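Please examine the sequence and the structure shown below. The report that follows describes selected parts of the fold, one topic under each heading.

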Amino acid sequence: MTLIEPAPTTAERRATHRTVLMCRPEFFTVSYRINPWMHPEQPTDTGMALEQWQTLYELYLSLGFEVQLIDPIPGLPDMVYAANGGFVLDGIAYGARFQYPERGPEGPAYLDWFAAAGFQVREPVSTNEGEGDFLLVGDTILAGTGFRSDAASHDELRRIYGREVVTLRLVDPAFYHLDTALAVLDSAGGPASVAYLPKAFDEASRAILEQRFPDAIHVTDADAAVLGLNSFSDGRNVVIASRAEDFARQLRERGYIPHGVDLSELLLGGGGVKCCTLELRR
Ligand code: ARG
């Protein structure tokens, strides 16, 4: 008897409950340039950023996520990109140590929040920008380097969490954090558990991704250019940039439910959905 594998349907994609940390963009603007998306000479609209952020926040609540908030601090316009505030796993928060002095004070601010929220905290020794560069897939931490996080921080991750840490080297300045070039769709892991933009990685890293995730989604340049990969998935619902239409199609084909949000104002700072989202894993 031949068993025919049914195509994956939404009914088979199971959401797992998520707790995330976010930061309202009360002081968002673009006043310096630390990535190619940022143009300080162009105006930004903080009210619009707040509205767009609010839509993301409410979408998370409607998906049943628990959303915690950290107070924004005046003079730290990039604090809205909470993903960079640290990496949290097993109830342990590994603090961020930012590459650019403009964001430096965010590191201690987030670390204080983690401590007050009852997480064990680990002071960072090496430069690292938290979940912007570190993504958990199954029992493995994918760790980016090349622009922001130093490869030495990957050793710190190994020591702190005792997990396998796979170093991936980013080569395209537009995709300077791992979470701009790769999305985890299914945190349980598996050959199809991620989506990525191959050209954002060096050859060795592409080979690693190809070998570990032979059934991954490869997104179009157009979808990557609106930070479509900068998305957040609960295993069933995938929150993505609304303009990443082909990515949405590919997700639907594989049984996920894409939810598009427009964060065009926050894109002016070089961030999207995932940048605004830090997962808290107790
Ligand atoms: N302007 C911020 C920076 O360049 C954007 C951070 C985006 N965050 C992210 N997780 N990719 O640092």
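Asn237 has Ile257 in strand E14 as its bridge partner. Strands E13 and E14 pair in the parallel sense over five bridges; strands count as paired if DSSP finds at least two bridges between them. Helices (H or I, at least four residues) and strands (E, at least two) are DSSP runs, numbered from the N terminus. This is a predicted model, in which local features need pLDDT of at least 70 and side-chain atom pairs count only at pLDDT 80 or more, while totals for chains, interfaces and linings use all residues. Residues are numbered from 1 along each chain as its sequence is written.

Strand E13 covers residues 237–241, and five of its five residues are buried. A residue is buried if 20 or more other C-beta atoms lie within 10 Å of its own, exposed if 12 or fewer, and partly exposed in between, with C-beta atoms placed from the backbone. Two bridges also join E12 to E13, and these strands run antiparallel. Phe232 stands opposite Val239 in E13. Three residues separate E12 and E13 in a hairpin, and Gly235 in the turn has a positive phi of about 100°.

## The sheet E9-E10-E11

Three strands form an open sheet in the order E9-E10-E11, with mixed pairing. Strand E9 (182–184) and strand E11 (217–218) stand at the edges with a single partner strand each, so one side of each is left without a neighbour in the sheet. Strand E10 (residues 194–196) is joined to E11 by two bridges, and the two run parallel. Ala195 has Ile217 in E11 as its bridge partner. Strands of a sheet pair through backbone hydrogen bonds, either parallel or antiparallel.

## Helix H1

Helix H1 (residues 46–62) has 17 residues and reaches 24 Å from its first C-alpha to its last. This is close to the 24 Å expected at 1.5 Å a residue, where the expected span is 1.5 Å times one less than the number of residues. The buried residues of H1 are Ala49, Gln52, Trp53, Leu56 and Tyr60. Seen down the axis of H1, the buried residues fall within an arc of 100°, so they line one face of the helix; the arc is that of the directions from the helix axis to the C-beta atoms.

These buried residues pack against strand E1 (19–22), strand E2 (66–69), strand E14 (257–261) and helix H8 (264–267). Contact here requires C-beta atoms, placed from the backbone, to lie within 7 Å. On the other side of H1, Gly47, Gln54, Thr55, Glu58, Leu61 and Ser62 are exposed. Just after H1, Gly64 takes a positive phi of about 90°.

## Two loop residues with positive phi

Asp90 has a phi near 55°, a positive value in a residue other than glycine. Asp90 lies in the loop between strand E3 (86–89) and strand E4 (92–95) and is partly exposed, with 13 other C-beta atoms within 10 Å.

Leu227 is not a glycine, yet has a positive phi of about 55°. Leu227 is placed in the loop between helix H6 (221–224) and strand E12 (232–233). With 27 C-beta neighbours inside 10 Å, Leu227 counts as buried.

## Surroundings of the ligand

The ligand is surrounded by 16 residues, of which the closest are Ala83, Gly132, His177, Gly271 and Cys275. The shell divides into five nonpolar, eight polar and three charged residues. Ala, Val, Leu, Ile, Met, Phe, Trp, Tyr, Cys and Pro count as nonpolar, Asp, Glu, Lys and Arg as charged, and the others, Gly among them, as polar.

Key: Near = placed C-beta within 6 Å. Contact = placed C-beta atoms within 7 Å.
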